[in-house]
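Please consult the sequence and structure shown here alongside the text.

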Amino acid sequence: MSKISCDTCLDLIPLVKDGVSSQDSRKLVEDHIETCPECKEVYLESKQIELEDLEIDYDGALNKIKRKLYALAGFILIIGSLVGVSLNDSENMFYNILIMPLLGGVAYLVFAKKAFIMSIFIFIITFIRQATYGYLEGFLTNSTEILQEATPISIVFVMFFFVGIVILKLLNIAIYGGKENRK
Ligand SMILES: [Zn+2]
């Protein structure tokens, strides 16, 4: 027979769950539920709910926010670099000295160290846009011309993109004392 009654066991279960019960109480509950299926069910159920709550409150919400943030940043990078490279065909191309570092800053804020990988992304978008535009407009007629025209511009864009990352990194060091506070 168990040393405690079902009522006592049910009173103690929440305390055991919250980790505020004494060792003795925990032992009494554990002994009781070994022999009492009804109390065991209550015990297991409350454990289940506790775990589900944790997952929903923390991981679920955080991952949702992260995914939305990543999607938003990806969208900004695509649109930003397309707008930037389109400006190349007008006298507004010098706005890219501002636009590309801004994109680098956004990438660093959202992707942290992975922002450097995003520079490949910027290179590809810039290159494809410049190559197709030049080809369709007829001033780039073969692959050599495309390479010679589109590569330097893409490299310059990536360099300005890097400037944005470096500025944000320096700001991060200045504010947080160089500790990596972000993931
Ligand atoms: Zn019981």
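Is Glu30 buried, partly exposed or exposed? Glu30 is partly exposed, its relative accessible area being 33%; buried means under 20%, exposed over 50%, and partly exposed in between (1.4 Å probe, protein chains only). The model is predicted: local features need pLDDT of at least 70, side-chain atom pairs count only at pLDDT 80 or more, and totals for chains, interfaces and linings use all residues. Residues are numbered from 1 along each chain as its sequence is written, and side-chain values use heavy atoms, with hydrogens and water left out.

**Zinc site**
- The zinc ion has as protein donors Cys6 (SG), His32 (NE2), Cys36 (SG) and Cys39 (SG), at 2.0 to 2.3 Å; donors are N, O and S atoms within 2.8 Å of the metal (3.2 Å for Na, K and Ca).
- Along the chain, the donors of the zinc ion are spaced as C-x25-H-x3-C-x2-C.

**Salt bridges**
- The count comes to two salt bridges, each a side-chain nitrogen of Lys or Arg within 4 Å of a carboxyl oxygen of Asp or Glu.
- Glu30 pairs with Arg26, with the closest N and O atoms 3.8 Å apart; Arg26 is partly exposed at 28% relative accessibility.
- Asp31 pairs with Lys27, with the closest N and O atoms 3.3 Å apart.
- Asp31 is partly exposed at 32% relative accessibility, and Lys27 is partly exposed at 48%.
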